[in-house]
Amino acid sequence: MTLSNPPLTPSRSRVFDRPAARFTDDGRLEVRASALGQCRRALWYAATEQEVTNPMTDETKLVLEAGQALEPVVVRAMQRRFWSVTPADPDAPLRVEVEVIPGLTVTGHPDATGAIELFGDERVIEVKTRGPEAFKRWQTLGAERSHPESVAQAACYTLGLYGDFRETVIATLDTGSRRWDYEVIPADRVERAWDRACERLAPLAEHYEVHGADPDALPERDFAGSDWQCQRCSYLNACQPGEAAEVEDEAETEPVDLVSDDDARAALHEYERIQQQLKSLDADKRGALKTLQHWLTGKGEAKARLEGSAKARTVGMVTSCRYSVDHKRLNALLAPEQRAEIVTEQTSEYLRVS
Ligand code: SF4
């Protein structure tokens, strides 16, 4: 493994704008650390320089570039919160290169290194930006469960920078609320993340050894056409043209147009009218409850009976207790497999009007 400054000082975009995988002049297969979670067939398409059939949309590029632009904001927020952080030099970031097995290396540029002031050794800080849902999922489940590729990426940087595994920090900004938080991954779990990444890449190295850089000898697919990885893949039409068409057809045949725009608009107006009524009813209810509370306090009692319009009712103060789990501490204490038995995920679908 080596750590070096690149010989040139290209602009940030040139340094970071590398293919997910490529063959080097000396015949190695080089995978970008930030692409560790990608489909191995997609990495092969990239390395063999096959034509991109499904380019990123302008909207996706915007999200990506906005995320990159916000990374220094996270670093500054950390510095204000007693972190001593050294961010990567955008013009000449440190480059790490780690050999997975002979013939295959992973390379990348750590976002930052640092430590909480006065505590602990310097460590790699991997900076991420996430939308509100992904941020919540990360906070609750921990990075190893929510975004394992980011832990593998940070593990690569840790090994490349320090030559061994040590605690690693994932710092994440919620782009919705603009809050940030961090998670410390213990050294043994950083090592496991790297081992898993190596296990995943090993068959790709074997594939290269057997077939050379042959663009027609494709590795097996890692995902099915309906998976989000395929739907966002730059090579979807090359890899699964039939599947792509099927997904499009499904979308087309869904009975989404049975309600006309006029009917939908009428439903929205009705929804707004009821919302307004509920708001005003809720304010009235809170006012009535406040009056009853003052009446009870004036009597010096915790509970009292009062004649209502249809029957006598009991008015009383109730004490309730809420229990919460400190997910940050839980995530630090337990391995992801143990946490998966304790913190489970249920997804539901609902319509939101905002
Ligand atoms: S379309 Fe899916 S299976 Fe094919 S290369 Fe892309 S991610 Fe992999």
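1. Starting with the ligand shell: in this predicted model, its residues split into eight nonpolar, three charged and two polar. There are 13 residues around the ligand, and the ones that come nearest are C39, R221, C230, C233 and C239.

2. Which helices each supply at least two residues of that shell? They are α2 (40–47), α8 (228–231) and α9 (236–239).

3. On placement, the shell around the ligand takes residues from both domain 1 (2–222) and domain 2 (225–254), so the ligand lies between the two. Besides these, the domain assignment gives domain 3 (261–316).

4. Worth a look next is how domains 1 and 2 meet. Here 10 residues of domain 1 are in contact with eight residues of domain 2. On the domain 1 side that touches domain 2, the residues come out as five nonpolar, three polar and two charged.

5. For the overall fold, I'd note 13 helices and 12 strands in the protein. Why call it more spread out than a compact globule? Its radius of gyration is 27 Å, while the globule rule gives 20 Å for 354 residues, so the protein is well over that value. Along the principal axes, the C-alpha atoms fill a box of roughly 90 × 60 × 40 Å.

6. Two more numbers on packing and contacts. Buried residues make up 25% of the 354 in the protein. Taking contacts with a separation of 6 or more, 65% of them are between residues 24 or more positions apart.

Definitions and conventions:
Residues numbered from 1 in each chain as written. Predicted model: local features only at pLDDT ≥ 70, side-chain atom pairs only at ≥ 80, totals over all residues. Helix = DSSP H or I, 4+ residues; strand = E, 2+ residues; numbered from the N terminus. Rg over C-alpha atoms; globule rule 2.2 N^0.38 Å. Buried ≥ 20, exposed ≤ 12 C-beta atoms within 10 Å, placed from the backbone. Contact = placed C-beta atoms within 7 Å. Near = placed C-beta within 6 Å. Nonpolar A, V, L, I, M, F, W, Y, C, P; charged D, E, K, R; others polar. Domains from an automatic or database assignment.
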